Amino acid sequence: MGLDLESISEATSGAVGSLLSTTILYPLDTCKTKFQADVRAHGQQRYRNILDVLWEAISSRQVLSLYQGLGTKNLQSFISQFVYFYGYSYFKRLYIKKSGVKSIGTKANLIIAAAAGACTAIVTQPLDTASSKMQTTAFGKSKGLWETLTEGTWSDAFDGLGISLLLTSNPAIQYTVFDQLKQRMLKKKQSIGDKGSSSEVLSAFSAFVLGAVAKSIATVITYPAIRCKVMIQAADPDDDGTKKPKKKSRKTVPGILYAIWKSEGIFGFFKGLEAQILKTVLSSALLLMIKEKISATTWVLILAIRRSLLLTRGRLKNA
């Protein structure tokens with residue numbers, strides 16, 4: 001089977017969109033992650049909201065540390081989105097070809113999206129764990145990618161993999177809702193004879209709004225698992241680079257759930273929900289908006305590269 005150029009186009013535009021949105025919103029992501037990883041102890045907590053995290057960085061003159069781990073996060077984001085969009089697009093086309101249907105139903109869409117998400121989680125989990133540790137380390141004390149990955153055992157790099165697999169339901173819900181809303185909007189445009197717009201590409205504003213709605217729904221449903229994952233992957237509170245590393249007890253999902261329940265109660269499972277929605281909605285909306293706007297250009301470039309390679313190959317054969 002040859003390369004699926006349309007799937008590669010989808011994957012490339014999705015990965016580029018993810019790279020740009022991650023970079024733009026990274027300081028917010030760092031504040032959000034450190035706030036989520038903060039657990040109340042003895043009736044006190046370090047941060048009351050994400051603005052406290054921002055103020056800590058400003059007051060300690062470590063504003064640039066809001067970008068600690070950006071390279072790792074961008075690498076993880078680019079790879080994960082490329083793998084996800086390629087898998088999602090490829091499996092969707094394969095399903096349509098095998099089943100003979102013209103459009104995919106909601107159930108099939110969810111299964112395809114979840115399968116693509118599971119493959120993505122397994123491939124990028126070490127990078128995901130490393131970026132979370134870098135973000136939650138004390139400002140100015142973050143280590144490099146290789147040093148972070150080699151701190152513990154190889155299995156430590158896959159901390160939170162179980163929850164990551166569970167959270168494949170998040171993008172599955174998100175992209176299914178987005179695709180369904182997108183199809184309805186484009187059909188509506190065609191029905192009213194909107195000749196001034198493309199029947200295949202959404203406007204930037206429409207993609208932004210649909211992306212925000214889709215991600216909001218997915219985030220609210222899966223948030224308790226999201227916070228557990230952050231806490232499992234977070235650096236230890238005393239991991240500031242000034243002390244010799246001690247043998248660390250392994251974090252488990254039951255242990256994290258008990259710690260949240262004991263120290264913060266039922267509302268602790270939703271601590272930082274507003275910040276999570278703000279960050280993920282803006283990130284996903286920007287990603288999908290950028291992807292929609294560059295997908296056509298990416299497709300043209302891929303076709304041009306293919307044509308150039310074919311012409312070069314033909315000249316070599318005739319030489």
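Lys271 is buried (under 20% relative accessible area, with exposed meaning over 50% and partly exposed in between, for a 1.4 Å probe and protein chains only), its relative accessible area being 10%. The model is predicted, so that local features need pLDDT of at least 70 and side-chain atom pairs count only at pLDDT 80 or more, whereas totals for chains, interfaces and linings use all residues. Residues are numbered from 1 along each chain as its sequence is written, and side-chain values use heavy atoms, with hydrogens and water left out.

Lys271 lies in the loop between α10 (253–264) and α11; helices (H or I, at least four residues) and strands (E, at least two) are DSSP runs numbered from the N terminus. Contact is taken as heavy atoms within 4.5 Å. Not counting residues up to four places away in sequence, Lys271 touches Phe35, Gln36, Asp38, Gln45, Tyr223, Arg227 and Glu264. One of these residues, Tyr223, is 48 residues from Lys271 along the chain, and the two C-alpha atoms are separated by 9.2 Å. With neighbours within four places in sequence left aside, Lys279 is in contact with Leu25, Leu28, Asp29 and Lys32.

At the level of the whole chain, 11 helices and zero strands are present, and the pattern read along the sequence is α-α-α-α-α-α-α-α-α-α-α. The chain has 319 residues, of which 45% count as buried. Among contacts with a separation of 6 or more, 81% join residues 24 or more positions apart.

In soluble globular proteins, nonpolar side chains tend to be buried together. A nonpolar core is defined here as a set of buried Ala, Val, Leu, Ile, Met, Phe, Trp, Tyr and Cys residues joined through side-chain atoms within 4.5 Å. The largest such core has 19 residues, and those with the most contacts inside it are Tyr84, Tyr88, Tyr175, Phe178 and Leu202. At least two residues of this core are supplied by each of α4 (70–99), α5 (106–136), α8 (169–191), α9 (204–233) and α11 (273–318). Another core, of 12 residues, lies apart from it and includes Ile163, Leu167, Met231 and Phe269. Within the largest core, Phe178 is one of the residues with the most contacts. Beyond residues up to four places away in sequence, Phe178 touches Leu202, Ala207, Leu210, Gly211, Ala214, Leu288 and Glu292.

Two packed helices are described by the angle between their axes and the distance between the axes. Helices α4 and α5 pack at an angle of about 170 degrees, with their axes 9 Å apart; axes are lines fitted to C-alpha atoms, for helices over the stretch in contact, and angles run from 0 to 180 degrees between N-to-C directions. The two helices, α4 and α5, are therefore roughly antiparallel to each other, given that angles under 35 degrees count as roughly parallel, over 145 as roughly antiparallel, 65 to 115 as roughly perpendicular and the rest as oblique. By class, the contact of α4 with α5 has 15 nonpolar, nine polar and three charged residues. In this classification, Ala, Val, Leu, Ile, Met, Phe, Trp, Tyr, Cys and Pro count as nonpolar, Asp, Glu, Lys and Arg as charged, and the others, Gly among them, as polar.

Thr72 is placed in helix α4 and is buried, with a relative accessible area of 6%. Excluding residues up to four places away in sequence, Thr72 touches Leu127, Ala130, Ser131, Met134 and Leu145. From Thr72 to Ser132 the C-alpha to C-alpha distance is 9.6 Å, across 60 residues in sequence. Thr22, in helix α1 (residues 5–24), is likewise buried, at a relative accessible area of 13%, and is in contact with Lys73, Asn74 and Ser77 when neighbours within four places in sequence are left aside.

Two loop residues complete the description. Arg61, in the loop between α3 (50–59) and α4, has a positive phi of about 55 degrees although it is not a glycine, and is exposed, with a relative accessible area of 78%. Ser103, in the loop between α4 and α5, is partly exposed, with a relative accessible area of 49%.
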